[in-house]
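Welcome, and thanks for taking a look at this one with me.

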Amino acid sequence: MITLSGIEKRFDDNPVLKNINLTIKEGSVTALIGPSGSGKSTLLRCVNLLEVPQAGELTLGKEKLVFNGSGRASRKDVYRICQQTGMVFQSFQLFPHLRVIENITEGLVTVHKQPLKQARERAEELLAKVGLLHKRDAWPANLSGGQQQRVAIARALAPSPKVLLCDEPTSALDPELSLEVVAVLRQLAKEGMTMLMATHDLRLAANIAQQVVFLEAGEIVETGTSQDIFTRAQKARTKAFISTLT
Ligand code: ADP
Ligand code: MG
(Lines give C-alpha, C1' and ligand atoms only; values in the text may rest on other atoms or scores of the structure.)
(Ligands and ions follow the chains in the order given, each with its own letter.)
Protein backbone atom coordinates (compact mmCIF):
# COMPACT_ATOMS: atom_id res chain seq x y z
CA MET A 1 0.00 0.00 0.00
CA ILE A 2 2.78 2.45 0.96
CA THR A 3 6.41 2.08 0.03
CA LEU A 4 9.17 4.51 0.82
CA SER A 5 12.49 3.76 -0.77
CA GLY A 6 15.71 5.65 -0.45
CA ILE A 7 13.94 8.68 1.03
CA GLU A 8 16.28 11.55 1.89
CA LYS A 9 15.16 14.80 3.47
CA ARG A 10 17.32 17.70 4.58
CA PHE A 11 16.54 21.16 5.83
CA ASP A 12 19.23 23.42 4.41
CA ASP A 13 22.36 21.37 5.08
CA ASN A 14 20.87 19.39 7.94
CA PRO A 15 20.06 15.81 6.91
CA VAL A 16 16.93 14.79 8.81
CA LEU A 17 15.99 11.56 7.02
CA LYS A 18 18.64 9.28 5.56
CA ASN A 19 17.91 6.43 3.16
CA ILE A 20 14.51 5.55 4.59
CA ASN A 21 13.14 2.24 3.30
CA LEU A 22 9.79 1.17 4.62
CA THR A 23 6.82 -0.88 3.43
CA ILE A 24 3.38 -0.62 4.98
CA LYS A 25 0.86 -3.29 4.07
CA GLU A 26 -2.73 -2.44 3.38
CA GLY A 27 -4.83 -2.78 6.52
CA SER A 28 -1.85 -2.81 8.87
CA VAL A 29 -0.64 -0.45 11.57
CA THR A 30 2.96 0.73 11.80
CA ALA A 31 4.29 2.58 14.86
CA LEU A 32 7.27 4.89 14.53
CA ILE A 33 9.24 5.22 17.74
CA GLY A 34 12.43 7.08 18.52
CA PRO A 35 13.86 9.95 20.53
CA SER A 36 12.73 13.56 20.04
CA GLY A 37 14.33 15.02 16.96
CA SER A 38 14.90 11.62 15.34
CA GLY A 39 12.71 12.58 12.37
CA LYS A 40 9.37 10.88 13.14
CA SER A 41 7.21 13.90 12.33
CA THR A 42 9.23 14.69 9.23
CA LEU A 43 8.79 11.12 8.01
CA LEU A 44 5.00 11.33 8.47
CA ARG A 45 4.97 14.71 6.72
CA CYS A 46 6.91 13.24 3.78
CA VAL A 47 4.18 10.64 3.26
CA ASN A 48 1.54 13.33 2.63
CA LEU A 49 3.98 15.77 1.03
CA LEU A 50 3.66 18.43 3.71
CA GLU A 51 7.43 18.06 3.34
CA VAL A 52 8.93 17.04 0.00
CA PRO A 53 11.98 14.76 0.14
CA GLN A 54 15.04 15.57 -1.98
CA ALA A 55 15.53 11.97 -3.10
CA GLY A 56 13.87 8.57 -3.15
CA GLU A 57 10.51 7.19 -4.19
CA LEU A 58 7.10 7.17 -2.59
CA THR A 59 4.36 4.78 -3.64
CA LEU A 60 0.90 5.25 -2.19
CA GLY A 61 -1.67 2.87 -3.64
CA LYS A 62 -1.55 3.39 -7.38
CA GLU A 63 0.34 6.69 -7.14
CA LYS A 64 4.08 6.71 -7.49
CA LEU A 65 6.39 9.71 -7.09
CA VAL A 66 10.10 9.88 -7.76
CA PHE A 67 11.84 12.82 -6.06
CA ASN A 68 14.27 14.61 -8.28
CA GLY A 69 16.58 16.49 -5.95
CA SER A 70 14.78 19.83 -5.89
CA GLY A 71 12.84 19.21 -2.67
CA ARG A 72 9.75 20.43 -4.53
CA ALA A 73 6.73 18.69 -5.99
CA SER A 74 4.15 19.91 -8.45
CA ARG A 75 0.76 21.04 -7.16
CA LYS A 76 -0.82 18.17 -9.02
CA ASP A 77 1.40 15.59 -7.33
CA VAL A 78 0.80 17.11 -3.92
CA TYR A 79 -2.96 17.00 -4.54
CA ARG A 80 -2.81 13.41 -5.83
CA ILE A 81 -1.00 12.19 -2.71
CA CYS A 82 -2.68 14.44 -0.16
CA GLN A 83 -6.11 13.23 -1.20
CA GLN A 84 -5.27 9.72 -0.09
CA THR A 85 -4.05 10.63 3.38
CA GLY A 86 -5.63 11.86 6.58
CA MET A 87 -3.57 13.36 9.37
CA VAL A 88 -4.06 13.63 13.12
CA PHE A 89 -1.79 15.93 15.13
CA GLN A 90 -0.62 15.90 18.74
CA SER A 91 -2.34 19.24 19.35
CA PHE A 92 -5.69 18.30 17.68
CA GLN A 93 -5.77 21.49 15.58
CA LEU A 94 -9.54 21.77 15.34
CA PHE A 95 -10.88 25.02 13.88
CA PRO A 96 -11.84 26.90 17.07
CA HIS A 97 -14.44 29.10 15.38
CA LEU A 98 -16.35 26.14 13.92
CA ARG A 99 -18.70 23.80 15.75
CA VAL A 100 -17.79 20.12 15.98
CA ILE A 101 -19.86 19.08 12.97
CA GLU A 102 -18.61 22.02 10.89
CA ASN A 103 -15.03 21.01 11.63
CA ILE A 104 -15.79 17.82 9.73
CA THR A 105 -18.02 19.15 6.93
CA GLU A 106 -15.78 22.15 6.11
CA GLY A 107 -13.12 20.19 4.19
CA LEU A 108 -15.67 17.92 2.54
CA VAL A 109 -17.55 20.91 1.15
CA THR A 110 -14.69 23.27 0.28
CA VAL A 111 -11.94 20.84 -0.77
CA HIS A 112 -13.87 17.77 -1.85
CA LYS A 113 -16.85 19.70 -3.28
CA GLN A 114 -19.45 17.51 -1.61
CA PRO A 115 -23.00 18.84 -1.26
CA LEU A 116 -23.61 20.06 2.31
CA LYS A 117 -26.33 17.50 2.98
CA GLN A 118 -24.06 14.61 2.04
CA ALA A 119 -21.17 16.10 4.04
CA ARG A 120 -23.44 16.40 7.11
CA GLU A 121 -24.50 12.78 6.80
CA ARG A 122 -20.88 11.66 6.55
CA ALA A 123 -19.91 13.82 9.54
CA GLU A 124 -22.74 12.39 11.65
CA GLU A 125 -21.79 8.85 10.72
CA LEU A 126 -18.19 9.50 11.82
CA LEU A 127 -19.19 11.33 15.00
CA ALA A 128 -21.30 8.31 15.92
CA LYS A 129 -18.31 6.09 15.24
CA VAL A 130 -16.07 8.03 17.65
CA GLY A 131 -18.91 8.24 20.20
CA LEU A 132 -19.51 11.99 19.92
CA LEU A 133 -22.73 12.43 17.99
CA HIS A 134 -24.22 14.14 21.06
CA LYS A 135 -21.50 16.84 20.74
CA ARG A 136 -22.26 17.68 17.11
CA ASP A 137 -23.14 21.33 17.87
CA ALA A 138 -20.57 21.93 20.62
CA TRP A 139 -17.58 24.28 20.29
CA PRO A 140 -14.14 22.63 20.38
CA ALA A 141 -13.13 24.69 23.43
CA ASN A 142 -15.94 23.05 25.42
CA LEU A 143 -14.67 19.52 24.79
CA SER A 144 -12.06 17.57 26.74
CA GLY A 145 -8.74 16.89 25.02
CA GLY A 146 -9.75 13.29 24.39
CA GLN A 147 -13.00 14.42 22.79
CA GLN A 148 -11.20 17.00 20.64
CA GLN A 149 -8.80 14.34 19.42
CA ARG A 150 -11.70 12.01 18.57
CA VAL A 151 -13.26 14.82 16.51
CA ALA A 152 -9.88 15.34 14.81
CA ILE A 153 -9.80 11.63 13.95
CA ALA A 154 -13.35 11.83 12.54
CA ARG A 155 -12.33 14.86 10.47
CA ALA A 156 -9.24 13.08 9.12
CA LEU A 157 -11.34 10.05 8.13
CA ALA A 158 -14.13 12.05 6.48
CA PRO A 159 -12.79 12.00 2.91
CA SER A 160 -12.09 8.23 3.20
CA PRO A 161 -8.29 8.40 2.98
CA LYS A 162 -6.31 5.26 2.17
CA VAL A 163 -4.01 5.86 5.11
CA LEU A 164 -4.32 7.64 8.44
CA LEU A 165 -1.15 9.37 9.64
CA CYS A 166 -1.05 10.11 13.37
CA ASP A 167 1.64 12.27 14.95
CA GLU A 168 1.79 11.52 18.69
CA PRO A 169 -2.01 11.31 18.89
CA THR A 170 -2.08 10.74 22.65
CA SER A 171 0.93 12.78 23.80
CA ALA A 172 -1.03 15.86 24.83
CA LEU A 173 -3.54 13.85 26.87
CA ASP A 174 -3.75 12.66 30.46
CA PRO A 175 -3.58 8.88 30.73
CA GLU A 176 -7.36 8.45 31.21
CA LEU A 177 -8.17 10.63 28.23
CA SER A 178 -5.56 8.96 26.11
CA LEU A 179 -7.35 5.64 26.72
CA GLU A 180 -10.47 6.81 24.88
CA VAL A 181 -8.34 7.85 21.90
CA VAL A 182 -6.46 4.54 21.96
CA ALA A 183 -9.82 2.74 21.96
CA VAL A 184 -10.94 4.62 18.82
CA LEU A 185 -7.62 3.94 17.05
CA ARG A 186 -7.76 0.28 18.04
CA GLN A 187 -11.27 -0.02 16.62
CA LEU A 188 -10.12 1.57 13.34
CA ALA A 189 -7.20 -0.85 13.19
CA LYS A 190 -9.61 -3.75 13.70
CA GLU A 191 -11.70 -2.49 10.81
CA GLY A 192 -8.65 -2.61 8.57
CA MET A 193 -7.63 1.06 8.39
CA THR A 194 -4.02 1.41 7.25
CA MET A 195 -2.18 3.58 9.76
CA LEU A 196 1.25 5.03 10.33
CA MET A 197 1.73 6.66 13.70
CA ALA A 198 4.55 8.29 15.57
CA THR A 199 4.17 7.64 19.27
CA HIS A 200 5.86 7.56 22.66
CA ASP A 201 2.95 5.59 24.01
CA LEU A 202 4.09 2.01 24.52
CA ARG A 203 0.56 0.84 25.15
CA LEU A 204 -0.57 2.31 21.86
CA ALA A 205 2.38 0.92 19.91
CA ALA A 206 2.35 -2.52 21.50
CA ASN A 207 -1.44 -2.98 21.41
CA ILE A 208 -2.22 -1.72 17.96
CA ALA A 209 0.82 -1.90 15.71
CA GLN A 210 1.83 -5.02 13.83
CA GLN A 211 5.03 -3.34 12.67
CA VAL A 212 7.29 -1.16 14.83
CA VAL A 213 10.04 1.00 13.37
CA PHE A 214 12.78 2.47 15.56
CA LEU A 215 14.19 5.68 14.15
CA GLU A 216 17.29 7.43 15.49
CA ALA A 217 19.04 10.48 14.05
CA GLY A 218 17.09 10.18 10.81
CA GLU A 219 17.89 6.52 10.19
CA ILE A 220 15.86 3.38 10.64
CA VAL A 221 17.85 1.36 13.15
CA GLU A 222 15.50 -1.61 13.37
CA THR A 223 12.10 -2.73 12.06
CA GLY A 224 10.15 -5.69 13.35
CA THR A 225 6.90 -6.94 14.74
CA SER A 226 5.79 -5.30 17.94
CA GLN A 227 6.86 -8.52 19.77
CA ASP A 228 10.30 -8.43 18.13
CA ILE A 229 11.00 -4.84 19.00
CA PHE A 230 9.55 -4.73 22.51
CA THR A 231 10.69 -8.11 23.79
CA ARG A 232 13.69 -9.18 21.71
CA ALA A 233 15.22 -6.18 19.94
CA GLN A 234 18.41 -7.10 18.11
CA LYS A 235 20.26 -3.79 18.24
CA ALA A 236 21.70 -2.34 21.43
CA ARG A 237 20.44 1.15 20.47
CA THR A 238 16.89 -0.14 20.18
CA LYS A 239 17.10 -1.92 23.54
CA ALA A 240 18.48 1.20 25.20
CA PHE A 241 15.65 3.34 23.82
CA ILE A 242 12.93 0.83 24.78
CA SER A 243 14.28 0.75 28.34
CA THR A 244 13.73 4.53 28.57
CA LEU A 245 10.04 4.06 27.67
CA THR A 246 9.23 1.38 30.20
P1 ADP B 1 10.62 14.05 15.90
O2 ADP B 1 9.21 14.14 15.40
O3 ADP B 1 11.16 12.66 15.92
O4 ADP B 1 10.80 14.72 17.22
P5 ADP B 1 11.20 15.93 13.77
O6 ADP B 1 10.86 15.25 12.49
O7 ADP B 1 10.22 16.91 14.29
O8 ADP B 1 11.56 14.83 14.87
O9 ADP B 1 12.58 16.69 13.60
C10 ADP B 1 13.74 16.06 13.12
C11 ADP B 1 14.83 17.11 12.92
O12 ADP B 1 14.45 17.95 11.83
C13 ADP B 1 15.04 18.02 14.10
O14 ADP B 1 16.41 18.25 14.21
C15 ADP B 1 14.31 19.28 13.72
O16 ADP B 1 14.91 20.40 14.31
C17 ADP B 1 14.48 19.31 12.21
N18 ADP B 1 13.35 19.98 11.53
C19 ADP B 1 12.06 19.55 11.50
N20 ADP B 1 11.28 20.37 10.76
C21 ADP B 1 12.10 21.36 10.32
C22 ADP B 1 11.90 22.53 9.49
N23 ADP B 1 10.70 22.83 8.98
N24 ADP B 1 12.98 23.31 9.24
C25 ADP B 1 14.20 23.00 9.73
N26 ADP B 1 14.45 21.92 10.51
C27 ADP B 1 13.43 21.11 10.80
MG1 MG C 1 7.52 14.85 16.28
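1. A definition to begin with: two residues count as in contact if their C-beta atoms, placed from the backbone, lie within 7 Å. Please keep in mind as you read that this is a predicted model.

2. With that in hand, look at helix α1, which spans residues 40–47. Helix α1 lies across β1, β2 and β4, and runs at about 60° to β2.

3. Now for the sheet itself. Its four strands follow the order β2-β1-β4-β5, forming an open sheet with antiparallel pairing. The edges are taken by β2 (14–24) and β5 (63–68); each has a single partner strand, so one side of each is left without a neighbour in the sheet. On average, neighbouring strands of this sheet are turned by 20° against each other, direction ignored.

4. Strand β1 covers residues 2–11 and pairs with β2 over seven bridges, in the antiparallel sense. For R10, the bridge partner in β2 is P15.

5. Is L60 buried or exposed? L60 is buried, because 25 other C-beta atoms lie within 10 Å, and 20 or more is the cut-off for that label.

6. Which residues does L60 touch, leaving aside its neighbours within four places in sequence? L60 is in contact with I2, I81, Q84 and K162. As for T225, 165 residues apart from L60 along the chain, the two C-alpha atoms are separated by 22 Å.

Methods:
Residues are numbered from 1 along each chain as its sequence is written. Chains are lettered from A and ligands numbered from 1 in the order in which they are written. This is a predicted model: local features need pLDDT of at least 70, side-chain atom pairs count only at pLDDT 80 or more; totals for chains, interfaces and linings use all residues. A residue is buried if 20 or more other C-beta atoms lie within 10 Å of its own, exposed if 12 or fewer, and partly exposed in between; C-beta atoms are placed from the backbone. Two strands pair if DSSP finds at least two bridges between them. Helices (H or I, at least four residues) and strands (E, at least two) are DSSP runs, numbered from the N terminus. Axes are lines fitted to C-alpha atoms, for helices over the stretch in contact, and angles run from 0 to 180 degrees between N-to-C directions.
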